[in-house]
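Visitor: I would like to go through this model term by term. Please show it first.

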Amino acid sequence: VLKVTEFISANDLAALMDVSVNQVISTCMSLGMFVSINQRLDAEAITIIADEFGYDVEFTKSIEDEMVEEAEDTEEELEERAPIVTIMGHVDHGKTSLLDYIRMSKVTAAEAGGITQHIGAYDVMTKTGHKIAFLDTPGHEAFTAMRARGAKITDVAIIVIAADDSIMPQTKEAINHAQVAGVPMIFAINKVDKPNARPEKIKEELANMNLLVEDWGGKYQSQEISAKTGQGVDELLEKVLLESEILELKANPDKNAVGTVIEASLDKGRGYVATIMVQAGTLKIGDIMLAGQHYGRVKAMFDHKGKKLKEAGPSTPVQVLGLSGAPQAGDTIKVYDTEREAREIANSREQIQREQSLRTKKHITLDEIGRRL
Ligand code: GDP
Ligand code: MG
């Protein structure tokens, strides 16, 4: 068994296996992989190469893993944090309308064709004085994309189902995604203001899927709502809070911030703008932040209404200015004490990405092979 860290170079891997790097390179060639001496190898490549030389592989932590890894928080350091909620469901069942009603704004009217354009994030204060953060995702694609990138930012999923319709394919997908992710669901049975609304029919359909709601004797919370009139929305939010109480959501606010990128773009006047969900610690102006392959000092922060913030604690979505580029949705963010640390990890990530994209390119010219050997 060979103990290695992922992204070890071909040279170092050869040394570990006590063979020459040329043997490794030519073995790779015979397998159709072109690697150069100092090229870092991903887990898959390492496993394949080691196998060729008769080794099983056990992966150990890399320096980066250790730098990125969290120090354990003690029980005393942990404080309650607000739930982060994603609203999912079939198209036109009222996701955007519900989010709008909750924020008391009117995004639906302004949206081109009524289709959600952005993955935004917002936080609101309930009537009972509790904070809830919402991710505004167009359907469940963003949720899936984030999860595919290893980001777990949703605590509770609201599944919106129109009471004048049925459980539709995207409803099923949304339910499936939440279940696979192990995220508790609350069913919001919407459009009950409509004369043709049949909420009981929806509950029956859910029961047929083995999803028994509470008033049918099951474990799932559900709430009849109207995103149009607002009926039942406060009750829905209270159910979200109830669900999150069970989850005992906690984070340490007194450390360097850790979070996830929700979206990022280049703004003509302001430079790179990233929407970030802070998940632990507190993000402050002047912090040195690493986000995916990019880093920078936090120059300014804003909440979803454009209000300037000096700091943002756990479960707070913020727009951040000051990054050197646009990270991807789902990238993790972390604050470092020195710019050197942030730069080193950013550079190493960039290099790995570059090498990986080179290696997976379909057509490699002879010239390129020559240069890379
Ligand atoms: P999304 O595709 O899930 O984001 O759905 P939208 O929020 O865009 O809503 C689709 C349509 O249903 C819009 O025309 C809304 O005005 C309408 N709608 C949403 N919620 C309700 C509701 O509770 N009652 C009624 N009557 N119409 C609603
Ligand atoms: Mg929408």
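Predicted model: local features only at pLDDT ≥ 70, side-chain atom pairs only at ≥ 80, totals over all residues.

Visitor: Why is Ser-315 called buried?

Guide: Buried means under 20% relative accessible area, exposed over 50%, and partly exposed in between (1.4 Å probe, protein chains only). Ser-315 has 1% relative accessibility, so it counts as buried. Its place is the loop between strand 18 (311–312) and strand 19. Of the 373 residues of the protein, 49% count as buried.

Visitor: What does Ser-315 touch?

Guide: Contact means heavy atoms within 4.5 Å. Leaving aside neighbours within four places in sequence, the contacts of Ser-315 include Arg-81, Ala-82, Ile-84 and Ala-133. Met-277, Val-278 and Gln-279 are also among them.

Visitor: What makes a contact of Ser-315 with Arg-81 polar?

Guide: A polar contact is a pair of N or O atoms within 3.5 Å. Within protein, one must be able to donate a hydrogen and the other to accept it, and residues adjacent in sequence count only if both atoms are side-chain atoms. The side chains of Ser-315 and Arg-81 make such a contact at 3.3 Å. A polar atom of the Ser-315 side chain also lies 2.6 Å from the backbone oxygen of Ala-82.

Visitor: Is Asp-331 buried or exposed?

Guide: Asp-331 is at 11% relative accessibility, so it counts as buried. This residue is in the loop between strand 19 (316–321) and strand 20 (332–336). The Asp-331 side chain reaches the backbone nitrogen of Gln-328 at 2.8 Å.

Visitor: What makes a set of residues a nonpolar core?

Guide: A nonpolar core is a set of buried Ala, Val, Leu, Ile, Met, Phe, Trp, Tyr and Cys residues joined through side-chain atoms within 4.5 Å. The largest here has 22 residues, of which Ile-159, Met-185, Phe-187 and Leu-206 touch the most other members. Strand 7 (156–162), helix 8 (169–181), strand 8 (185–190) and helix 9 (199–208) each give two or more residues to this core. Helix 8 gives the most, with four residues. A second, separate core of 20 residues includes Ile-87, Ile-102, Ala-227 and Leu-237. In soluble globular proteins, nonpolar side chains tend to be buried together.

Visitor: Which residues does Ile-159 contact?

Guide: Beyond neighbours within four places in sequence, Ile-159 is in contact with Met-88, Thr-171, Ala-174, Ile-175, Met-185, Ile-186, Phe-187 and Ala-188.

Visitor: How do you know that a charge sits over the ring of Tyr-122?

Guide: The test is NZ of Lys or CZ of Arg within 6 Å of the ring centre and within 35 degrees of the ring normal. The charged end of Arg-103 sits over the Tyr-122 ring, 3.8 Å from its centre. Lys-334 also has its charged end over a ring, that of Tyr-336, 5.6 Å from the centre.

Visitor: Which residues come nearest to ligand 1?

Guide: A residue is near a molecule or strand if one of its heavy atoms lies within 4 Å of it. There are 16 residues around ligand 1, and Asp-92, Lys-95, Thr-96, Ser-97 and Asp-193 come nearest. An oxygen atom of ligand 1 is 2.5 Å from an N or O atom in the Ser-97 side chain. A ligand 1 oxygen is 2.8 Å from a polar backbone atom of Lys-95. A ligand 1 nitrogen lies 2.6 Å from a polar side-chain atom of Asp-193.

Visitor: What makes the phi of Lys-191 stand out?

Guide: Most residues other than glycine have a negative phi. Lys-191 is not a glycine, yet has a positive phi of about 65 degrees. Lys-191 is in the loop between strand 8 and helix 9. Glu-248 also has a positive phi, near 50 degrees. Glu-248 is at 56% relative accessibility, so it counts as exposed.

Key:
Residues numbered from 1 in each chain as written. Chains lettered and ligands numbered in written order. Heavy atoms only, no water.
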